[in-house]
Amino acid sequence: MNQNSFIPQIILASTSPFRKQLLEKLQLPFETANPKLDETPLTNESVIDMVQRLSRQKAQVVASQYPDAIVIGSDQSATFNGKAIGKPRTHANAIKQLQQFSGHTIEFLTGLAVVKGSEIHQAIDITRVQFRQLSDTEIEHYLRLETPYQCAGSFKSEGLGITLFEEIQSKDPNALIGLPLIELTTLLKKCGIALPYNYKHSRPT
């Protein structure tokens with residue numbers, strides 16, 4: 001049970017340290033839970049449909065365990081030339097990805113869902129990243145310094161990966177890291193939580 005009982009229990013349906021750090025920016029008490037969901041794409045499923053479905057299902061799985069909580073689910077996928085981009089996992093694959101992206105634009109689609117009881121609120125954020133023309137030396141130096149082999153697209157935008165870009169087109173810089181806080185603020189308001197909310201000074205007396 002959430003000790004701050006004057007607001008609903010809030011649960012982030014993710015074990016991602018990046019999403020946890022982003023949600024902490026909103027200064028709300030929350031917990032995290034692993035949705036343990038099979039994230040395999042469905043046959044002929046588009047990337048945008050996939051991230052919307054998975055963000056919703058992640059929230060619903062955790063909400064079924066905590067029916068009185070507000071649960072936040074999110075899922076993200078990157079696309080290049082209309083095809084999903086996976087994690088490189090190896091140095092050689094990361095080189096190939098960044099060589100492909102050099103001078104081109106990739107899109108990050110971030111799905112968001114907030115579940116409160118029978119209510120389901122959803123949103124999608126699309127962020128476009130334009131890469132500079134990258135030399136093989138620049139790519140090699142970057143990968144050796146940051147080793148982003150578990151990151152879709154072979155870079156960490158919150159770190160040194162920013163040096164690879166010419167431009168980022170986004171309404172929310174948080175979305176590229178994994179959680180669109182502007183959209184989340186809107187969805188939380190629909191669930192009765194208007195931000196900013198100073199819960200530390202709102203305790204009932």
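This is a predicted model: local features need pLDDT of at least 70, side-chain atom pairs count only at pLDDT 80 or more; totals for chains, interfaces and linings use all residues.
Guide: Residues are numbered from 1 along each chain as its sequence is written, and side-chain values use heavy atoms, leaving out hydrogens and water.

Visitor: Why is the pair of F108 and F155 called edge-to-face?

Guide: Rings of Phe, Tyr and Trp (its six-membered ring) pair if their centres lie within 6.5 Å; planes under 30 degrees apart are stacked, over 60 edge-to-face, and the rest tilted. The centres of F108 and F155 are 5.6 Å apart and the planes stand at 75 degrees, so this pair is edge-to-face.

Visitor: What makes F108 count as buried?

Guide: Buried means under 20% relative accessible area, exposed over 50%, and partly exposed in between (1.4 Å probe, protein chains only). F108 has 4%, so F108 is buried.

Visitor: Why is F155 called buried?

Guide: The relative accessible area of F155 is 5%, so F155 is buried.

Visitor: What makes the pair of F155 and F165 edge-to-face?

Guide: F155 and F165 are 5.0 Å apart, centre to centre, with 85 degrees between the planes, which is edge-to-face.

Visitor: Why does F165 count as buried?

Guide: F165 has 10% relative accessibility, so F165 counts as buried.

Visitor: Which residues do ring pairs link into a cluster?

Guide: The cluster consists of F80, F101, F108, F131, F155 and F165.
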